[in-house]
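Let's take a friendly walk through this structure, from its helices to its salt bridges. Please keep the 3D view open as you read.

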Amino acid sequence: MDLLNTLVDKGLRRELPTRDEALAVLATSDDDLLDVVAAAGKVRRHWFGRRVKLNYLVNLKSGLCPEDCSYCSQRLGSKADILKYTWLKPDEASRAAAAGLAGGAKRVCLVASGRGPTDRDVDRVSDTIKAIKDGNEGVEVCACLGLLSDGQAERLREAGADAYNHNLNTSEGTYGDITTTHTYADRVETVQKAHAAGLSACSGLIAGMGESDEDLVDVVYSLRGLDPDSVPVNFLIPFEGTPLAKEWNLTPQRCLRILAMVRFVCPDVEVRIAGGREVHLRTMQPLALHLANSIFLGDYLTSEGQAGQADLEMIADAGFEVEGAGEVTLPEHRVAAGGGCGSHESAGCGSHGSAGCGSHDGGAGCGSHESGGVCGSAPVSAAEEKASEARTDLVAVRRRGAGTDLAPNA
């Protein structure tokens, strides 16, 4: 297939595909799916070998958020039956992180619900970062606390944070359809503040909210323009009690196409399979490792994930290996150019700005198309016709780990 040969060549050179090429990946048929995975897999292996980086989420403060993000179980007005608790103490958060690190995670992502941190909140998180780093040499810590005020990113960096997460989630043109309490520009500004402070930028998206192919390509191209070091790809978990509870628009095949498109557009950055992989990729998760070089281990913020041991077995059975604590995740040219924050010229995902550890459990939508919209794409396959069949049996609220007396899943 000429398209795939072209995309592989561009990926190996870190050259940006055209929008039409990116859209064509999303429009490929099921008959061509394995060819798409194999092509994107060549790009993934060129830059990252067969290594899989493990990340572990710790939800420092759960629920009761004043923002109205339609995809989020912690949103204002959410009726989802999730755990709700205020700030974990540093020693509690450190114990929660230790479980993930013992399971092989090399990065801990500290997440808190809310619009953004107060200065006192930054103090709390700074103490937590120090507690985790004091007990675990070499661990990476990423903070995800919402919109940042001036000076807060610098304080987190001084406290030892390595990265900051703030996802764009969806295209600029449809952002107002999913959130009204802040803007797309607010998110971009926070990513830029994190980047300017010397934090490694992590920013991604949520698929499955009814968006079109054009919306998906828009947000991924915007991410390339922000130059994050890592791009988490979330798949919407339609929680009962949220506005997007009925949005069951994804199939395993579509998830693989989305991951392949992200890899072609962002060839040399850490592409992370984040929330919703167990719900939407299901038994196709091992194939996704040929596209992404990073996953979350165990549970998410408010939902249960695959058992940590099952994650490790899946990685080994698929012929991949867990990235060691002493290994550098990013290709040498990105590390050399920005101390781990990207090359900012031609490498990877673009110019500047970004953030995101895949913080929300599963998605952010656009609601622009009734059936999960494949605009102007290939004929609908039998699998895609069944995409609207809800798999509510696969959505499980987290009842263990942070905020509970039960051992975490790691």
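## Ground rules

Helices (H or I, at least four residues) and strands (E, at least two) are DSSP runs, numbered from the N terminus. This is a predicted model, in which local features need pLDDT of at least 70 and side-chain atom pairs count only at pLDDT 80 or more, while totals for chains, interfaces and linings use all residues. Residues are numbered from 1 along each chain as its sequence is written, and side-chain values use heavy atoms, with hydrogens and water left out.

Let's begin with Arg334, which sits in helix α13 (residues 332-338). Its relative accessibility is 0%, so Arg334 counts as buried (under 20% relative accessible area; exposed is over 50% and partly exposed is in between, with a 1.4 Å probe and protein chains only). Its side chain makes a polar contact of 3.1 Å with the side chain of Asp227. Such a contact is a pair of N or O atoms within 3.5 Å; within protein, one must be able to donate a hydrogen and the other to accept it, and residues adjacent in sequence count only if both atoms are side-chain atoms.

## Helix α8

Helix α8 covers residues 213-226, and its end C-alpha atoms are 20 Å apart, which agrees with the 20 Å that 14 residues should span at 1.5 Å a residue (the expected span is 1.5 Å times one less than the number of residues). Ten of the 14 residues are buried, among them Leu216, Val220 and Tyr221. The elements covering these buried residues include α2 (19-26), α7 (184-196) and α9 (252-265), where contact means heavy atoms within 4.5 Å.

## Salt bridges

The structure holds 26 salt bridges, each a side-chain nitrogen of Lys or Arg within 4 Å of a carboxyl oxygen of Asp or Glu. Asp218 pairs with Arg19 in one of these, with the closest N and O atoms 2.8 Å apart. That pair links distant parts of the chain, as Asp218 in helix α8 and Arg19 in helix α2 are 199 residues apart. Asp218 is partly exposed at 29% relative accessibility, and Arg19 is partly exposed at 34%.

Asp91 forms a salt bridge with Arg95, the closest N and O atoms being 3.4 Å apart. These two residues are four apart in helix α4 (residues 90-102), so about one helical turn separates them.
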